[in-house]
Amino acid sequence: MRVLVMGGNRYIGLCLVEELVRRGHEVTVMNSHPVPYPAGVRRLHGDRQQPGAIAEVLGPHRDDFDAVFDNTAYRPADLAPMVDLFSGRVRHFVFTSSVAVYRRSFIQPVGEGFRRHD
């Protein structure tokens with residue numbers, strides 16, 4: 001499968017890239033900070049926080065992927081350009097969040113309805 005990983009340079013993103021490669025998938029990463037990747041991983045440089053960067057970097061590749069894993073979106077505005085680019089074009093879109101979006105809580109596990117940072 002041809003896979004795009006947004007982020008992919010630390011934590012779950014890097015582990016995801018390594019696992020996808022291990023399983024034989026064709027992996028492309030878009031991020032703003034390079035790290036060593038397994039052989040064969042294609043890296044596209046771009047900072048999603050810069051206006052228009054997602055469309056500029058990924059626009060020419062919008063039909064290159066079967067699946068997208070987005071590990072670096074924190075707000076709906078972060079996802080909007082991805083939805084615009086890939087809606088109807090990929091079979092799978094996996095949005096991976098983290099508890100970093102939620103305010104500190106002593107109640108575990110943290111639920112999706114918990115209070116979030118602005």
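## A walk through a predicted chain

The chain holds three helices and five strands, where helices (H or I, at least four residues) and strands (E, at least two) are DSSP runs numbered from the N terminus. Read along the sequence, these elements follow the pattern β-α-β-β-α-β-α-β.

A word on the ground rules before we go in. This is a predicted model, in which local features need pLDDT of at least 70 and side-chain atom pairs count only at pLDDT 80 or more, while totals for chains, interfaces and linings use all residues. Residues are numbered from 1 along each chain as its sequence is written, and side-chain values use heavy atoms, with hydrogens and water left out.

Let us start with the overall form. The C-alpha trace spans about 40 × 30 × 25 Å along its principal axes. With 118 residues, a compact globule would have a radius of gyration near 13 Å, and the 15 Å of this chain agrees with that; the radius is taken over C-alpha atoms, and the globule rule is 2.2 Å times the number of residues to the power 0.38. Of the 118 residues, 37% count as buried. Here buried means under 20% relative accessible area, exposed means over 50%, and partly exposed lies in between (1.4 Å probe, protein chains only).

The accessible surface of the chain comes to about 7,500 Å², and 53% of it belongs to carbon and sulfur atoms; such areas come from the Shrake-Rupley method with a 1.4 Å probe, and for residues only the protein chains shown count as cover. As for charge, the chain has 15 positive and 13 negative side chains, and the centres of the two sets lie 5 Å apart. In that count Lys and Arg are positive and Asp and Glu negative, with His and the chain ends not counted; the place of each charge is NZ of Lys, CZ of Arg, CG of Asp or CD of Glu.

Now for the interior. In soluble globular proteins, nonpolar side chains tend to be buried together. A nonpolar core, as used here, is a set of buried Ala, Val, Leu, Ile, Met, Phe, Trp, Tyr and Cys residues joined through side-chain atoms within 4.5 Å. The largest one has 13 residues, of which L4, M6, M30, I54, L58, M82 and F86 touch the most other members. Strand 1, helix 2 and helix 3 (76-86) are the elements that give two or more residues to this core. Apart from it lies another core, of twelve residues, among them V3, L14, V17 and Y37.

Leaving aside neighbours within four places in sequence, L58 is in contact (heavy atoms within 4.5 Å) with L4, M6, M30, L44, A53, M82, L85 and F86. For the chain as a whole, among contacts between residues at least 6 apart in sequence, 48% join residues at least 24 apart.

M1 sits in the segment before strand 1 (2-6) and counts as partly exposed, because its relative accessibility is 37%. Its contacts beyond four places in sequence are H25, E26, D66, A67 and H92. The C-alpha atoms of M1 and G24 are 23 residues apart along the chain and separated by 8.1 Å.

D47 belongs to the loop between strand 3 (42-45) and helix 2 (53-58). This residue is partly exposed, with a relative accessible area of 29%, and touches M30, S32 and A53 when residues up to four places away are not counted. D47 and N31 are 16 residues apart in sequence and 6.1 Å apart in space, C-alpha to C-alpha.

P51 lies in the loop between strand 3 and helix 2 and is exposed, because its relative accessibility is 78%. From P51 to T28 the separation is 23 residues in sequence and 21 Å in space, C-alpha to C-alpha.

H61 lies in the loop between helix 2 and strand 4 (67-70). At 18% relative accessibility, H61 counts as buried, and beyond four places in sequence it touches R42 and L44.

We finish in the segment after strand 5 (92-95), where P109 is found. A cis peptide bond joins Q108 and P109, with omega about -5 degrees. I107 is found in the segment after strand 5 and is exposed at 56% relative accessibility. The C-alpha atoms of I107 and R48, 59 residues apart along the chain, are separated by 32 Å.
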